[in-house]
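Subject: Structure for you to look at

Hello,

Here is the structure I said I would pass on. Please open it and follow along with the notes below.

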Amino acid sequence: MMVLPNGATININYHEPRRIIKLPLDLSLLSEAERKARIEKRKPKQKIRIEDDVEDTFNANKYLKYMKKK
């Protein structure tokens, strides 16, 4: 089954077994806003880096009095 950009479908014989073949959309037929939106979707997405600055002020010696000796 081949799907045209307008949504119409055609049953065809293809050299590789596939279920659905979708033809690319002709960007020249789209409006300027739709064209920009499609081009933005094609660009790779940037990975967001999250940097955690954790201040470690833990002092184990402060809690030694709570430890039980065996």
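Glu 32 and Arg 35 sit 3 residues apart in helix H1, so about one helical turn separates them. This is a predicted model, so please read everything here as computed. The two side chains form a salt bridge, and the closest N and O atoms of Glu 32 and Arg 35 are 2.7 Å apart. In general, side chains of opposite charge can pair when their charged atoms come close.

How open are these two residues? Glu 32 has 45% relative accessibility, so Glu 32 counts as partly exposed. Arg 35 has a relative accessible area of 23% and is partly exposed. The cut-off for buried is under 20%.

How many salt bridges does a search of the whole structure find? The answer is 2. Besides the Glu 32 and Arg 35 pair, there is a salt bridge between Glu 40 and Lys 43, at 3.3 Å from N to O. Lys 43 is partly exposed, because its relative accessibility is 44%.

Which residues form a negative surface patch? They are Glu 51, Asp 52, Asp 53 and Glu 55. Glu 55 lies in the segment after helix H1, which spans 32-42. Is Glu 55 buried or exposed? Its relative accessibility is 72%, so Glu 55 counts as exposed. The cut-off for exposed is over 50%.

Best wishes

Methods. Residues are numbered from 1 along each chain as its sequence is written. This is a predicted model: local features need pLDDT of at least 70, side-chain atom pairs count only at pLDDT 80 or more; totals for chains, interfaces and linings use all residues. Side-chain values use heavy atoms; hydrogens and water are left out. Patches are made of residues with over 30% relative accessible area and no salt bridge: like charges are joined within 9 Å, nonpolar side chains (Val, Leu, Ile, Met, Phe, Trp, Tyr) within 5 Å. Accessible areas come from the Shrake-Rupley method with a 1.4 Å probe; for residues, only the protein chains shown count as cover. A salt bridge is a side-chain nitrogen of Lys or Arg within 4 Å of a carboxyl oxygen of Asp or Glu. Lys and Arg count as positive and Asp and Glu as negative; His and the chain ends are not counted. The place of a charge is taken as NZ of Lys, CZ of Arg, CG of Asp or CD of Glu. Helices (H or I, at least four residues) and strands (E, at least two) are DSSP runs, numbered from the N terminus. Buried means under 20% relative accessible area, exposed over 50%, partly exposed in between (1.4 Å probe, protein chains only).
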